[in-house]
Amino acid sequence: MSVADQKPIGSGFAAKSEPHEILADMDFSGKVAIITGGYSGIGLETVRALAGKGAKVIVPVRDEAKAAANLSGVEGDVHAATMDLSDIGSVGAFADQITSELNHLDLLINNAGVMACPMSRVGPGWESQFGINHMGHFALAKGVMPLLEKADAPRVVALSSIAHQRGGIDWDDIQFENREYHKWESYAQAKSANALFANALNRRMNTFDGRAFSVHPGGIFTPLQRHLPVEEQVELGWLNPDGTPTELAKHGFKSTTQGCTTTLWAATSPMLNDKPGVYCEDCDIAAALSENSPPFSGAAPHICDDDAAERLWDVSEALLAAA
């Protein structure tokens with residue numbers, strides 16, 4: 001793909017469309033989905049929407065008690081299984097378990113993530129935002145690939161963010177070993193990695209009619225903000241000093257149900273059949289970023305770079321092999 005592929009196609013939906021609109025008249029009986037982060041925020045709503053349409057949904061969980069409580073009210077065929085994206089051994093064990101239990105996988109939705117957290121390291125010393133948001137999901141996708149290959153036109157959706165615009169991959173120091181850590185630069189790198197991952201993965205799914213896409217879900221108040229103090233959210237224009245949402249947030253932010261709809265659209269829309277690897281927002285393909293782009297929208301050129309996507313894939317393969 002290229003920047004030229006980033007053109008809205010008039011999906012008929014909007015930024016604040018609801019799940020029932022996206023999935024109207026669809027039936028996912030017999031379909032199987034894995035949704036990371038599926039027991040809170042927009043991930044929980046994604047689970048609710050797909051399970052409500054008949055899909056069997058598997059939710060990898062790190063906090064089993066929280067997952068059991070949050071998923072207890074979800075109707076449908078929903079199962080939890082232990083997995084921690086920060087622990088590659090755990091990801092591998094989950095993938096092995098699932099591949100032994102299932103005969104195909106129709107949807108893999110890489111929804112889980114961390115944002116703007118303090119500096120920490122996971123696994124063999126990976127910077128945590130890159131390690132969890134990208135490497136954990138990379139290992140998961142590799143592990144369940146045999147199941148995707150057995151499905152009919154499977155899809156993978158990787159949740160990116162508008163924060164990708166802040167910067168791409170620092171190829172000389174991905175893990176912040178030789179530069180000062182900056183939580184937003186780290187998040188931007190990780191979210192750029194998510195988009196590049198979908199770009200590269202799509203080419204690998206071509207052989208079995210699979211597709212991969214990345215999405216920006218929009219601004220939503222969810223547990224993703226747990227590392228941001230109120231003062232910082234005030235500076236960002238999201239909250240008033242008393243902790244209530246600003247007018248900007250009230251009008252610009254989405255509800256958790258609205259926040260899952262771009263994911264659902266990318267996971268199901270036939271309009272994307274011939275648009276492989278694109279980055280989506282507001283239930284449509286995002287326009288290429290330009291000087292005339294509206295605030296908080298657009299796909300930056302660096303996430304549309306096939307060479308960068310392939311380079312990241314190779315780097316990720318090497319990191320995984322050495323873990």
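On a 1 Å grid over the protein atoms alone, a cavity is a set of points where a 1.4 Å probe fits but cannot get out. Keep that in mind for the third stop of this tour. The model is predicted, so local features need pLDDT of at least 70 and side-chain atom pairs count only at pLDDT 80 or more, while totals for chains, interfaces and linings use all residues. Residues are numbered from 1 along each chain as its sequence is written, and side-chain values use heavy atoms, with hydrogens and water left out.

**Whole chain**

Start with the cartoon view: the protein has 11 helices and 10 strands (DSSP runs, H or I of at least four residues for helices and E of at least two for strands, numbered from the N terminus). Its C-alpha trace spans about 50 × 45 × 45 Å along the principal axes.

**Helices 5 and 6**

Now select residues 128-149, helix 5, and residues 183-205, helix 6; they pack at an angle of about 20 degrees with their axes 7 Å apart (axes are lines fitted to C-alpha atoms over the stretch in contact, and angles run from 0 to 180 degrees between N-to-C directions). Helix 5 is therefore roughly parallel to helix 6, a label for angles under 35 degrees. Show side chains at the contact (heavy atoms within 4.5 Å): among them are Phe130, His134, Phe138 and Met145 of helix 5 and Tyr187, Ala190, Phe197 and Leu201 of helix 6. By class, this contact has nine nonpolar, seven polar and two charged residues (Ala, Val, Leu, Ile, Met, Phe, Trp, Tyr, Cys and Pro are nonpolar, Asp, Glu, Lys and Arg charged, and the others, Gly among them, polar).

**The cavity**

How many cavities of 30 Å³ or more are there? The count comes to one, and the largest cavity has a volume of about 30 Å³ (the space filled by probe spheres set on the points, which are joined across faces, edges and corners). Select Asn110, Ala112, Asn133, His137, Ala158, Leu159, Lys191, Asn194 and Phe197 to see its lining, meaning residues with an atom within 4 Å of a point. Helix 6 gives the largest share, three residues. The lining divides into four nonpolar, four polar and one charged.

Finally, centre on Asp152, Ala153, Arg155, Ala267 and Thr268, the closest to the centre of the second largest pocket among the 16 residues that line it. A pocket is an open set with protein on both sides within 12 Å along at least five of seven lines. This one holds about 320 Å³ of space, and its lining has seven nonpolar, three polar and six charged residues.

Methods. Parallel < 35°, antiparallel > 145°, perpendicular 65-115°, else oblique.
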